[in-house]
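Please keep the sequence and the 3D view open as you read.

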Amino acid sequence: MIKKVLKIKNSNKICKNFEKNFNRLKHKKIVLYGIGPETEILVNGLKDYNIIGLMDQNKGFQNKFFYKKKILSEASVIKANAIIIIVS
């Protein structure tokens, strides 16, 4: 129970920090780079953002789905004219 509460608090903190820094990009096409746990928190917590997909250095993940978002290739992100935000 305590772990779940801490996870929720951290999730809120991560989302609020993202919103503080990137609110001006809310309606732009956004691709999150990285598929770690913070990315999952952002995908699930930022429903008002236009997150069109994810990227990762592992090319084997391309065209697969993580957190209900497609892992995009560099070419497809360029074609979509999306903004890439690195999640670390």
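Let us begin with F66, which is partly exposed at 23% relative accessibility. On this scale, buried means under 20% relative accessible area, exposed means over 50%, and partly exposed lies in between (1.4 Å probe, protein chains only). This is a predicted model, in which local features need pLDDT of at least 70 and side-chain atom pairs count only at pLDDT 80 or more, while totals for chains, interfaces and linings use all residues. Residues are numbered from 1 along each chain as its sequence is written, and side-chain values use heavy atoms, with hydrogens and water left out.

**Aromatic pairs**

A pair of aromatic rings is described by the distance of the centres and the angle of the planes. Here, rings of Phe, Tyr and Trp (its six-membered ring) pair if their centres lie within 6.5 Å; planes under 30 degrees apart count as stacked, over 60 as edge-to-face and the rest as tilted. Searching the whole structure gives four such pairs. For F18 and F22, the ring centres are 4.8 Å apart and the planes meet at 45°, so this pair is tilted. Both residues belong to helix α1 (residues 2-22), where they sit four residues apart, about one turn of the helix. F18 is buried, with a relative accessible area of 6%, whereas F22 is partly exposed at 23%. Another pair, F66 with Y67, is edge-to-face. The table sets out these two pairs.

| Pair | Centre to centre | Angle between planes | Class |
|---|---|---|---|
| F18 and F22 | 4.8 Å | 45° | tilted |
| F66 and Y67 | 6.2 Å | 70° | edge-to-face |

**Two positive phi angles**

Y67 has a further feature of interest. Its phi is near 55°, a positive value in a residue other than glycine. Y67 lies in the loop between β3 (65-66) and β4 (69-70) and is partly exposed, with a relative accessible area of 24%. N81 likewise has a positive phi near 55° and is not a glycine. N81 is placed in the loop between α3 (74-80) and β5, and is exposed at 67% relative accessible area.

**The largest pocket**

Which residues line the largest pocket? They are I14, N17, F18, N21, F22, E38, L42, I85, I86, V87 and S88. A pocket is an open set of points on a 1 Å grid over the protein atoms alone, where a 1.4 Å probe fits, with protein on both sides within 12 Å along at least five of seven lines; lining residues have an atom within 4 Å of a point. Two or more lining residues come from each of α1, α2 (37-45) and β5 (83-86). Helix α1 gives the largest share, five residues. The volume of this pocket is about 170 Å³, taken as the space filled by probe spheres set on the points, which are joined across faces, edges and corners.

**The chain as a whole**

The chain has three helices and five strands, arranged along the sequence as α-β-α-β-β-β-α-β. These are DSSP runs numbered from the N terminus: helices (H or I) of at least four residues and strands (E) of at least two. Of the 88 residues in the chain, 32% are buried.
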